Amino acid sequence: RARAPTSSAPPPASGMRIIDLRPQLPESSRPERAQRGIPQVDLGLDSTDTHDFAPLRETLEALDHLDPARARYLAAFAYLLGRVAHADQHVSPEETRAMEAHVQEEGGLSRDQAMLVVQLAKTSNLLFGGTANFIVARDFAQLATSDEKLALLRCLFAVSATDASISLAEEGEIHKLARELAIDHAEVVKLRVQYGRHLPGVSRD
């Protein structure tokens, strides 16, 4: 009597449990299932669209009357001023006014516009500082010329010195940012000498 082909097995009896012996793919190889039901948090830090970049988004909206590239440059400029001013966890009223003056001059803004931009930059540093610092510095480095980078560096020293002393944390952040912007170390030394009497550990008598 002929045997039935193995490929046409009879259907299982009613109530019988079917066990699937086919090899199963690991979860990592099934991205749709792996992602299903897992909440994603997007801070906008990896966005390639400037207006979707969370740390600068509101500042850019405040500067929407400017050319987009100029607005992006100025938003990063203000953020980096705030980054150094907040390095010691305190931004004095004197530092805030100095930041406003530099942003107003650099951007050709009204006083009210400069005040708004600085306030937004300070808020962004509180919310995203540490996480976004390098990304904003990299963006600024791509937008700015060598002279504009040096102008920012001078502003950083000037803002930090407005309350008569540059804190150790502020000086350290200035040096760190100068390296991120690939500013010639000799230029940093020149400004350090210029502001020497304001540096930490220097007698002001």
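How many residues does helix α5 have, and what length does α5 reach from its first C-alpha to its last?

1. Helix α5 spans residues 111–128 and has 18 residues. From its first C-alpha to its last, α5 reaches 25 Å, close to the 26 Å expected at 1.5 Å a residue. The model under discussion is a predicted one.

2. As to the overall architecture, the secondary structure of the chain comes to 9 helices and 0 strands. Buried residues make up 40% of the 205 residues in the chain. Among contacts with a separation of 6 or more, 68% are accounted for by residues 24 or more positions apart.

3. Which residues of α5 are buried? They are Ala 114, Val 117, Val 118, Leu 120, Ala 121, Ser 124, Asn 125 and Phe 128. These residues cover an arc of only 165 degrees around the axis, which puts them on the same side of α5.

4. After α5 comes Gly 130, whose phi is positive, near 95 degrees.

5. Helix α7 covers residues 146–160, which number 15. The distance from its first C-alpha to its last is 21 Å, close to the 21 Å expected at 1.5 Å a residue.

6. The buried residues in α7 are Lys 149, Leu 150, Ala 151, Leu 152, Leu 153, Cys 155, Leu 156, Phe 157, Val 159 and Ser 160. What covers them includes α3, α4, α6, α8 (168–180) and α9 (185–194).

7. How are α4 and α7 oriented relative to each other, roughly parallel or roughly antiparallel? The two helices pack at an angle of about 155 degrees, and their axes lie 9 Å apart. Angles over 145 degrees count as roughly antiparallel, and α4 and α7 are therefore roughly antiparallel to each other. The crossing in which α4 passes α7 is right-handed.

8. Where α4 and α7 meet, α4 contributes Glu 95, Ala 98, Met 99 and His 102, while α7 contributes Cys 155, Ala 158, Val 159 and Ser 160. Of these α7 residues, Cys 155, Val 159 and Ser 160 are listed among the buried residues of that helix.

Key
Residues are numbered from 1 along each chain as its sequence is written. This is a predicted model: local features need pLDDT of at least 70, side-chain atom pairs count only at pLDDT 80 or more; totals for chains, interfaces and linings use all residues. Side-chain values use heavy atoms; hydrogens and water are left out. Helices (H or I, at least four residues) and strands (E, at least two) are DSSP runs, numbered from the N terminus. The expected span of a helix is 1.5 Å times one less than its number of residues. Buried means under 20% relative accessible area, exposed over 50%, partly exposed in between (1.4 Å probe, protein chains only). The arc is that of the directions from the helix axis to the C-beta atoms. Contact means heavy atoms within 4.5 Å. Axes are lines fitted to C-alpha atoms, for helices over the stretch in contact, and angles run from 0 to 180 degrees between N-to-C directions. Angles under 35 degrees count as roughly parallel, over 145 as roughly antiparallel, 65 to 115 as roughly perpendicular and the rest as oblique. A crossing is left-handed if the near helix is turned anticlockwise from the far one by less than a right angle, and right-handed if clockwise.
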